Amino acid sequence: MGYMSTFSESDVAKLAEVACIQLDDEELKQFAKDLADITGTLTEVQDTAASSVAPTHRVTGLTNVLRPDLVTEVLDRAELLASAPDTLEGQFVVPQILEEA
Amino acid sequence: MTWMDKTALEMAAALQSGEVTSVELVEESLERIAQLNPTVNAFVKVDREGALRTAEEVDAIRSEGGDLHPLAGVPVAVKDNIVTRGLETTCASKILEGWIPPYDATVVAKLKDAKLPIVGKTNLDEFAMGSTTETSIHGPTRNPIDPQRTPGGSSGGSAAAVAAYMVPFALGTDTGGSIRQPAAFTGIVGVKPTYGAVSRYGAVALASSLDQVGPLARNVADAAALQEIIGGHDPFDSTSLPGSSEQILAGATNPGNVLDGLKVGVVEQTRGEGYAPGVLTAFEKTIGALEAAGAQVTDVSLPSFEGALGAYYVIMPAEAYSNLGRFDGVEYGQRFYPDGIENPTAWQMSAATRGKGFGTEVKRRIILGAHVLSAENFKTGFEAAEKVRTQTVHETAEAFEDVDVLLTPTTPTVAFALGAELDPIEMYQNDVATVPANLIGAAAIALPNGNDEDGMPVSAQIMVPAGSDALLYQVAAAVEQALSGNVNPTPFEPIEAKGGEAAK
């Protein structure tokens with residue numbers, strides 16, 4: 001499957017939706033161009049997809065690092081809530097999660 | 001005012017002998033910052049109270065004959081993407097303006113345990129994404145060598161703070177070269193430790209498999225001393241490893257004959273076309289100095305270094321897309337609402353927060369990351385990049401069977417003008433020599449090795465296998481000594497000595 005090296009504004013809009021970022025029309029246009037340009041330089045990476053070599057996820061060789069299930073340090077609750085945009089009775093307040101039908 | 005011209009280790013010795021107090025050192029640092037920061041803009045926040053409190057504590061303990069870390073009382077600066085409890089941390093982003101972290105990064109906790117006064121937070125590209133410190137909401141930082149030029153990025157503030165003698169050393173972060181490139185552009189030493197050598201807990205994540213916190217200083221020994229303080233295994237960072245940051249200062253202060261018989265591999269792919277003449281001339285002289293000291297210098301071909309930049313610009317945005325998902329206006333940071341919607345949902349609020357709170361470069365990289373991780377593009381995107389990563393790991397491992405260290409110029413060019421507005425692809429080329437070390441987890445150092453025809457610093461990079469940080473510092477210290485005839489170890493005057501006439 002070929003690598004996308006042309007991007008339409010609607011391609012960018014779909015990615016922005018997934019990434020939860022509101023972009024304006026100028027940004028959609030700019031990023032369509034930028035992404036086309038950038039991904040156009042990545043053909044060497046694309047070609048490596050055919051290689052049978054295993055992908056590297058991490059370089060340390062560590063996996064599943066565990067610790068004892070014990071409570072140690074805890075952060076201060078009041079300090080945590082103090083940096084929140086909106087709180088009520090010790091809880092974070094957010095706008096409605098579900099849209100009205 | 002002379003103490004800020006000294007090295008960190010000289011300051012430490014003077015503190016121990018009683019020649020100077022920590023309060024005096026901090027006051028000098030603060031005065032230097034007050035003089036120069038309006039022009040240089042290295043610091044985005046100065047913590048006069050906090051720094052003096054630590055300094056007073058150190059002086060009191062010392063006068064009572066109590067135990068202190070050898071570097072206690074020496075001022076230090078911290079990049080503003082490393083969290084400091086109770087002290088605003090912005091990552092140079094609108095989305096975190098005014099955010100007061102409720103915890104200290106592990107590296108900050110270690111500085112505090114050792115009682116080094118933290119004089120302030122330094123400027124960076126927004127969320128460490130950039131090579132010029134121009135994407136910061138705090139305005140750009142200027143290169144102290146030539147204030148019309150960039151100090152590089154993303155740790156431009158830390159580099160400028162050290163290069164302008166505001167502090168003897170500072171912390172930065174390096175994901176694709178963000179410590180080493182600004183070190184190269186400002187003529188100082190910058191180190192990316194072995195991946196895992198220093199805890200990333202509290203260093204706001206850009207790319208979790210690539211990021212490392214590391215030291216910037218004006219000489220190799222000071223950098224080693226700082227890495228010893230901040231490094232080590234951390235239960236709060238499950239990717240951290242013990243060992244690499246221990247016992248590294250000794251080799252840096254006494255490198256001995258390490259260059260005699262040392263096998264040095266000069267990487268063919270990061271030399272030649274695209275590299276400025278001034279960079280290459282100094283690089284050749286460095287090779288000459290190594291050979292004169294008895295090193296066996298050979299050429300090494302690492303073709304995977306050519307694909308490495310592309311792989312980096314797939315892996316890093318993908319990991320950034322994942323990591324920056326946490327900035328959603330819910331629990332901390334700024335919250336923005338969309339215009340023209342009466343009862344926005346939480347999702348719409350988050351989208352507006354991120355749209356208004358993130359800068360252009362950040363948004364560009366997040367979108368790119370979403371793209372290379374998407375189902376249709378995963379195989380030729382993220383997964384393919386991880387295969388390139390494997391090839392780079394294997395190739396360098398093979399090379400390290402024949403050579404002890406690899407040598408490259410740190411950057412293709414010297415510092416360029418502020419406002420140069422390179423397009424993304426030109427900008428990304430800055431990282432071509434530095435990203436391989438991040439991809440493979442190796443330790444690497446940027447070492448000043450001369451100046452170009454305009455007097456701008458140039459730099460050489462030494463790389464060692466992951467885990468060999470002690471060797472890195474030892475070799476770098478020996479090269480630093482070998483070059484001290486070619487290059488003034490403090491190869492510039494602070495800009496105030498240039499008549500104080502900084503940028504227009």
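This is a predicted model: local features need pLDDT of at least 70, side-chain atom pairs count only at pLDDT 80 or more; totals for chains, interfaces and linings use all residues.
The contact draws on both chains, with 56 residues from chain A and 69 residues from chain B. The size of an interface is often given as the accessible area lost when the parts come together. Here the area buried between chain A and chain B is about 5200 Å², and carbon and sulfur atoms give 68% of that area.

On the side of chain A that touches chain B, the elements giving two or more residues are α1 (9-18), α2 (25-40), α3 (43-47) and α4 (77-82). Of these, α2(A) gives the most, with 8 residues. Sorted by class, this side of chain A has 34 nonpolar, 12 polar and 10 charged residues. The salt bridges between the two chains number 3. A:E27 forms a salt bridge with B:K363, and their closest N and O atoms are 2.5 Å apart.

The last stop is B:T270. This residue lies in a loop of chain B, between the strand β7 (263-267) and the helix α9 (277-292). Is B:T270 buried or exposed? Its relative accessibility is 1%, so B:T270 counts as buried, the cut-off for that class being under 20%. Leaving aside residues up to four places away in sequence, B:T270 touches B:Y275, B:F305, B:T408, B:P409, B:V432 and B:A433.

Definitions and conventions. Residues are numbered from 1 along each chain as its sequence is written. Chains are lettered from A and ligands numbered from 1 in the order in which they are written. Side-chain values use heavy atoms; hydrogens and water are left out. Helices (H or I, at least four residues) and strands (E, at least two) are DSSP runs, numbered from the N terminus. Buried means under 20% relative accessible area, exposed over 50%, partly exposed in between (1.4 Å probe, protein chains only). Contact means heavy atoms within 4.5 Å. Buried area is the accessible area (1.4 Å probe) that two parts lose on being put together, summed over both. A salt bridge is a side-chain nitrogen of Lys or Arg within 4 Å of a carboxyl oxygen of Asp or Glu. Ala, Val, Leu, Ile, Met, Phe, Trp, Tyr, Cys and Pro count as nonpolar, Asp, Glu, Lys and Arg as charged, and the others, Gly among them, as polar.
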